[in-house]
Amino acid sequence: MSHIDLRSDTVTKPTEGMRAAMARAEVGDDVYGEDPTVRRLEETVAGLFGMEAALFTPTGSMANLLAVRSLVAPGQEVLCESSAHIARAELGAHGAFFGVTMRTWTGERGRIDHAAIAAMFAPDVSPFFVATKAISVENTHNFGGGTVQPLADIEALRPLVDAHGIGLHVDGARIWNAHVASGVPLADYGRPADVLTVCLSKGLGAPVGSLVLGSRAMVQEAVVWRKRLGGGMRQVGMLAAAGLYALEHHLDRLAEDHEHARLLAEACGADPAAVDTNIVVVDVPDAAAVVRAAADQGVLVSALGPTTVRLVTHLDVSREQAETAASVLKASVAG
C-alpha cells in the first residue's frame, strides 16, 4: 500500500533537482575546512540571518547541543518552555554531555511567558543556587503545534538577557516556516539571538543537516566540540549542496504546507485559524486507536501521548494527498 506519511516533515525524499545538485557538488575535506560547498552554505545561511558565522552539523540536536554549551557551563542552567525540543526530545543530552540543567515554564502552545521567565531567573549566588545563564526559545514550537513566536515577544527578552549578562538561544529548527507564515525577515529573527540553530532536513526537504549560527568566536569553539562529539565530517559538500538547493527552491513553497495543515485541522475538528504553520496537534479520546485506524487506510500519523495526535505536512504531500488524508482522518477521529 502507498502511504500518505504525516508523521513528520523529516520523512521527505530528495527531489530529482536536489539529487542532481548533490551529484555535481564540489567537495573537499570539511574537517580541514576545505569543502567549498560547505563553506558556501555556512556563509549563505549566516548572511540570511545577519550572523557573523555558521557551522554545518549533521543534526539539529547536535546544533542545539553546541549552541546551549556556548552559553551555559556545567552546573549552570538554561530556562526553556516545558515542551521545548531541547528538554523533551534530545534524550537528556545537554545534561549527559555538558552537565547543563534546565528549569521550565509552561506556555500556551509553547509560547514565551515573560513574567514567568523573569520570576524564574536565578542570579549567580554560588554556592547556594544553580545560576541561570541562558534562555532558550523555540520558533516554531514543535510540540505546541508549529506555533510562531511573535518577533516582539522574542525581542522583549533582550532587556532581561542584557541586564543579567546571560545569553539567548533560539532553536529555529523550523524558523523557515515562521518566516513564511509571518513575513518577518530572517535577519530580523536573527538579530535578538546570541546563538541560533536552523534545520535543513525538515520543511526544506534536504536529506540531512542543520547549522548553528553565532559569533565567529562561538563558531570556532563549536568546531572543536563538534569534532569531540563525533560530528567531524569529510567530503560532505554533497549534503551541503542539498541544503543550498532547498533554500533556493523549497522555501517559498512552505506556504502550501501551511495551507494543507489547516485543511487537515478542519477535518479533525480543530480550529484551522489556530494552525500557524505545518503542524497540527489534535486532542482525541484515544490516540493509539486513531493512529491505527488511519494507518489501516494508508495515512500515517503520530501519537504524542495517550490523547494527543500530531500531523505534519511537508514537501512530499500534495494537495490531492492532503484532501485524501483529511477524509481518512475525519472518519478516524470520529471513531
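User: In this predicted model, what covers the buried residues of helix H2?

Analyst: The cover includes strands E2 (53-57), E7 (195-199) and E8 (210-214), together with helices H9 (175-182), H10 (186-190) and H12 (237-249).

User: Which residues of H2 are called buried, and what makes them a single side of the helix?

Analyst: Buried means under 20% relative accessible area. In H2 that holds for Thr37, Val38, Leu41, Glu42, Val45, Ala46 and Phe49. They cover an arc of only 165 degrees around the axis, which puts them on the same side of H2. Glu43 and Gly47, on the other side of H2, are exposed.

User: How do you know that the length of H2 agrees with its number of residues?

Analyst: Helix H2 has 14 residues (36-49), and at 1.5 Å a residue these should span 20 Å. The end C-alpha atoms are 20 Å apart, so the two values agree.

User: What is found at the start of H2, and what just after it?

Analyst: At the start, a side-chain oxygen of Asp35 comes to within 3.1 Å of the backbone nitrogen of Thr37. The cut-off for a polar contact is 3.5 Å. Just after H2, Gly50 has a positive phi of about 70 degrees.

User: Why is E7 described as largely enclosed?

Analyst: Because 5 of the 5 residues of E7 are buried, the strand is largely enclosed by the rest of the structure. Val195, Thr197 and Cys199 are buried on one side, Leu196 and Val198 on the other.

User: Which strands pair with E7, and in which sense, parallel or antiparallel?

Analyst: Strand E6 (residues 167-172) pairs with E7 in the parallel sense over 4 bridges, with Val195 of E7 as the bridge partner of His169. E8 pairs with E7 in the antiparallel sense, also over 4 bridges, and Val198 stands opposite Leu211 in E8.

Methods. Residues numbered from 1 in each chain as written. Predicted model: local features only at pLDDT ≥ 70, side-chain atom pairs only at ≥ 80, totals over all residues. Heavy atoms only, no water. Helix = DSSP H or I, 4+ residues; strand = E, 2+ residues; numbered from the N terminus. Expected span 1.5 Å × (residues − 1). Buried < 20%, exposed > 50% of the residue type's maximum accessible area, 1.4 Å probe, protein only. Arc of directions from axis to C-beta. Contact = heavy atoms within 4.5 Å. Polar contact = N/O pair within 3.5 Å; in protein donor to acceptor, adjacent residues only side chain to side chain. Pairing = 2+ DSSP bridges.
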